[in-house]
Every structure is written in C-alpha cells, then in structure tokens.
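This briefing describes the architecture of one protein model, from its sheet to individual residues. Please read it alongside the sequence and the structure shown here.

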Amino acid sequence: MDLDLAGKVAIVTGSSRGIGRAIAARLVEEGADVVFCARGEEVLRAAVDDTAGPGRAYGVAADVSTSEGAEAVVSAAQEQFGGLDIVVNNVGGSGARTFDDTDAADLAAVLDKNVVPALLVSRSALAGLRARGGGVIAIISSVFGRESGGGPSYNLAKAAEISLAKSMARDLAKDRIRVFSVAPGSVRFPGGSWDKRMLDDPEGTTAFVEREIPWGRFGTADEIADVVTFLVSSRAAWVVGACVPVDGGQSRAF
C-alpha cells in the first residue's frame, strides 16, 4: 500500500530511542523527511546516523518542555526541509509509583514530561501546518491513559493527552489539521522501563505479562511505529479525534 508519505516533512519528539525512534525511522523509510528530537545529543546523533532513506533524517537536541525547545524543533523542519506536514508528539516519562509518594512536585514534573511538550510543539507547529493547507498531529499516550494501571501522575498525564488530542481535533478540523492519539500497551525495547524490569525481576515481570497481556508477550517499538505510520498517512484520513489502542489486548476499556 502506498502511504503517500514521500516528500512529507515530519517531526517526531523523543525519537532517540524506543517507540519514538522506531516511528521516525519508519517515516524516513517511507520517504518522509524527518526531524528527530531528544535532549541527549550523542544518542540522538546515533539514531539519525543509523536511519536509512529514501527520506532524510535530521537531528535537533532540544528540550521540548520549553517554548524555546519546541520552537527550535519546528524551525528546523522549516529551515532544513522547507515546511511541515506531520507532528508526532512522543516524548514522555513517568513518576512516583504510588499515591503515598505522589505530591504536587511529582505531578508537575510528569505533566512537564508529557502534556506540556505535546501542547508546546503542537502550538508551535500550527502556522507551518496551516501554511501547507493542513496536516497531522499525533499524540502518543498509553494504555494507562485509558484506564488505571500506572503511577497516579502518569495515569493523569496520559489521560490528559488523550483529552487534549480530542479537543485539538475538534478545534483544528476546520483547518484540515487532523489530530488523534495512540495508546500503546506495555512495550519492551533495550534500555526501556519494561526491559529494566525484566532484567531486575524476570519472574515477576513474566507473571505480569501472563496476567495482563492476552497476546502473551510485550509489544515491540516497531509494532507501534507501523500503526502510527499508517495513521499519519492520507490512508487514515477519516481518523479524527480517536484514541487508537495498540496493546495486544491489554486494555480492558471499550
């Protein structure tokens, strides 16, 4: 299937490793020109260097939880590739695991890792997307944005991302800017949280998989990337405001 992504310009935040890196790499493979973004310059450079075309990859080391960082990434897309068509807000992170350990500082920190970057990058991108006559904004949330299961602040932030995507979708449809969210289930990749848990507690983590994921294994970053790549393409033009779970049956919500 031709996804009609050749020549499109995309930004993927949090793309030096894991799900973000897989999404960015898949878009480049489909012919899009992609701005990779992360705070760590060395690992970001490695991700860009390891990505094969036909599209082009360009890396920007920036903290997109700040207005300056968000604007730098959007400016790079304009300066390097001449415009902007697709924004994938993937950057995120967790916090305290229990309510006893959750306080205002923890909540603020987790919102800063997840919701604030999605808001800032999306707002910075609006002028460029409108100049193209429309575009796509995706927000990568989590199964734990749809139901309980993660830490309190993480649950709240990921639910807020889904809500933000819905609000944006309705507001921006008039500009032909299509917005949606994706809710990955538990995904294992090298250096990720589930990888660390498996190495630290293989018995307990295996029991979690057997208990919580009907498909019987963790997901992979590439499996999430394949779905996101389709969803940002013109082949998914009628997906507006939806939250799409990609979780091996892990979620219990309808």
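This is a predicted model: local features need pLDDT of at least 70, side-chain atom pairs count only at pLDDT 80 or more; totals for chains, interfaces and linings use all residues.

**Sheet and strand pairing**

A10 stands opposite V34 in β2.

- Strand β1, residues 9-13, and strand β2, residues 33-38, are paired in the parallel sense over 5 bridges.
- These strands belong to an open sheet of 7 strands, in which the pairing is parallel and the order is β3-β2-β1-β4-β5-β6-β7.
- At the edges of the sheet are β3 (57-61) and β7 (243-246), each of which pairs on one side only.
- On average, and with direction ignored, neighbouring strands of this sheet are turned by 20° against each other.
- Strands β5 and β6 run parallel and are joined by 6 bridges.

- Of the 8 residues of β6, 8 are buried, so the strand is largely enclosed by the rest of the structure.
- On one side of β6, the buried residues are I177, V179, S181 and A183.

- Helix α3, which spans residues 67-81, lies across β1, β2 and β3 and runs at about 150° to β2.
- Helix α9 (residues 221-231) also packs on the sheet, where it touches β4 (86-89), β5 (135-140), β6 (177-184) and β7.
- The direction of α9 makes about 165° with that of β6.

**Nonpolar cores**

- The largest nonpolar core has 34 residues, of which I23, L27, V34, F36, V88, V228 and V232 touch the most other members.
- At least two residues of this core are supplied by each of β1, α1 (18-29), β2, α2 (41-49), β4, β5, β6 and α9.
- Helix α1 provides the largest share of this core, with 6 residues.
- Another core, of 33 residues, lies apart from the largest one and includes V35, V73, A125 and I137.
- When residues up to four places away in sequence are not counted, V34 touches A10, V12, A24, L27, V28, R56, A57, Y58 and F81.

**Helix-to-helix packing**

- Helices α7 (residues 193-200) and α8 (residues 202-212) pack at an angle of about 125°, and their axes are 5 Å apart.
- This angle makes α7 oblique to α8.
- In that contact, α7 contributes W194, R197, M198, L199 and D200, while α8 contributes P202, T205, T206 and F208.
- The residues where α7 meets α8 comprise 5 nonpolar, 2 polar and 2 charged.
- Helices α4 (residues 104-113) and α5 (residues 115-131) pack at an angle of about 35°, with their axes 3 Å apart.
- From α4, L111, D112 and K113 meet V115, V116 and P117 of α5.
- The α4–α5 contact is formed by 4 nonpolar residues, no polar residues and 2 charged residues.

**Residue E223**

- E223 has its place in helix α9.
- With a relative accessible area of 31%, E223 is partly exposed, a state that lies between the buried limit of under 20% and the exposed limit of over 50%.
- Not counting residues up to four places away in sequence, E223 touches R217 and V246.
- E223 and L27 are separated by 196 residues in sequence, and their C-alpha atoms are 13 Å apart in space.

**Residues with positive phi**

- Most residues other than glycine have a negative phi.
- D4 has a phi near 60°, a positive value in a residue other than glycine.
- D4 is found in the segment before β1 and counts as partly exposed, at 42% relative accessibility.
- R176 likewise has a positive phi, near 60°, and is a residue other than glycine.
- The position of R176 is in the loop between α6 (152-172) and β6.
- R176 is exposed, with a relative accessible area of 61%.

Conventions
Residues are numbered from 1 along each chain as its sequence is written. Side-chain values use heavy atoms; hydrogens and water are left out. Two strands pair if DSSP finds at least two bridges between them. Helices (H or I, at least four residues) and strands (E, at least two) are DSSP runs, numbered from the N terminus. Axes are lines fitted to C-alpha atoms, for helices over the stretch in contact, and angles run from 0 to 180 degrees between N-to-C directions. Contact means heavy atoms within 4.5 Å. A nonpolar core is a set of buried Ala, Val, Leu, Ile, Met, Phe, Trp, Tyr and Cys residues joined through side-chain atoms within 4.5 Å. Buried means under 20% relative accessible area, exposed over 50%, partly exposed in between (1.4 Å probe, protein chains only). Angles under 35 degrees count as roughly parallel, over 145 as roughly antiparallel, 65 to 115 as roughly perpendicular and the rest as oblique. Ala, Val, Leu, Ile, Met, Phe, Trp, Tyr, Cys and Pro count as nonpolar, Asp, Glu, Lys and Arg as charged, and the others, Gly among them, as polar.
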